[in-house]
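Visitor: I am new to reading protein models, and I would like to know what lies behind the words used for them. Could you show me one and let me ask about those words?

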Amino acid sequence: MTTFLLATSSVHVTAAAADYLQHRLDPAADHDIVVVAVRDPDAPSRDAGDAVNVARSRLAAFMPATETRDGAPVTEILAAVDEHDPDELLIGPHRGTDDSDGLGSTARDLLTNVDRPVIVLPLP
């Protein structure tokens, strides 16, 4: 069994993760997907909820577990990694806004602090 943890606060990141997973996983196989949406105080309040809704819809065949957390994204994602012990962590390169360029600070911090494979999903 493989456990994937998708850390998101953006519908764009969630959609990219759904595309990544749908092309790689067999719905009949034994995979767990945990979606952790973090409500960052610096982001619009509904972004995390919208991200969870996209995950439920786009990943319905895999029946993902979902949770929403409030707080600093890196702190909450690292706590989720400790709690769920995923085989892979899926993240976006940045919050998913159009004005971002390259790798954001949350992705950088996670890449240096996580002790398992981290998949940085390309955004369209």
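Guide: What follows is a conversation about the terms applied to this structure and the values behind them.

Guide: This is a predicted model, in which local features need pLDDT of at least 70 and side-chain atom pairs count only at pLDDT 80 or more, while totals for chains, interfaces and linings use all residues. Residues are numbered from 1 along each chain as its sequence is written, and side-chain values use heavy atoms, with hydrogens and water left out.

Visitor: Why is leucine 25 called buried?

Guide: A residue counts as buried under 20% relative accessible area, as exposed over 50%, and as partly exposed in between, with a 1.4 Å probe and protein chains only. Leucine 25 has a relative accessible area of 11%, so it is buried. Its place is in the loop between α1 and β2, where helices (H or I, at least four residues) and strands (E, at least two) are DSSP runs numbered from the N terminus.

Visitor: What is leucine 25 in contact with, leaving aside its neighbours within four places in sequence?

Guide: Contact means heavy atoms within 4.5 Å, and by that rule leucine 25 is in contact with Phe4, His31, Ile33 and Phe62. Leucine 25 and threonine 2 are 23 residues apart in sequence, and their C-alpha atoms are 9.9 Å apart in space.

Visitor: What makes aspartate 42 count as exposed?

Guide: Its relative accessibility is 66%, and therefore aspartate 42 counts as exposed. This residue is found in the loop between β2 and α2. Its C-alpha atom is separated by 23 Å from that of leucine 5, the two being 37 residues apart along the chain.

Visitor: How do you know that proline 124 is exposed?

Guide: Proline 124 has a relative accessible area of 97%, so it is exposed. It lies in the segment after β5, and 19 Å separate its C-alpha atom from that of valine 52, 72 residues apart along the chain.

Visitor: How do you know that the buried residues of α2 are on the same side of the helix?

Guide: In α2, the residues Ala48, Ala51, Val52 and Ala55 are buried. They cover an arc of only 100 degrees around the axis, which means that they are on the same side of α2. The arc is that of the directions from the helix axis to the C-beta atoms. What covers these buried residues includes β1 (2-8), α1 (11-22), β2 (31-39) and β3 (65-70).

Visitor: What makes the reach of α2 close to the expected one?

Guide: The expected span of a helix is 1.5 Å times one less than its number of residues. Helix α2 (residues 47-58) has 12 residues and reaches 16 Å from its first C-alpha to its last, close to the 16 Å expected. For α1, which also has 12 residues, the reach is 16 Å, again close to the 16 Å expected.

Visitor: Which residues of α1 are buried, and what covers them?

Guide: Val13, Thr14, Ala16, Ala17, Ala18, Tyr20 and Leu21 are buried in α1, and what covers them includes β1, β2, α2, β4 and β5 (118-120).

Visitor: What is the phi of methionine 63?

Guide: Most residues other than glycine have a negative phi. Methionine 63, although it is not a glycine, has a positive phi of about 45 degrees. This methionine is placed in the loop between α2 and β3, and with a relative accessible area of 71% it is exposed. Aspartate 85, in the loop between α3 and β4 (88-91), likewise has a positive phi, near 45 degrees, and at a relative accessible area of 52% aspartate 85 is exposed.

Visitor: Which residues of α3 meet which residues of α4?

Guide: Pro73, Val74, Ile77 and Leu78 in α3 meet Thr106, Asp109, Leu110 and Asn113 in α4. By class, this contact has five nonpolar, two polar and one charged residues, where Ala, Val, Leu, Ile, Met, Phe, Trp, Tyr, Cys and Pro count as nonpolar, Asp, Glu, Lys and Arg as charged, and the others, Gly among them, as polar.
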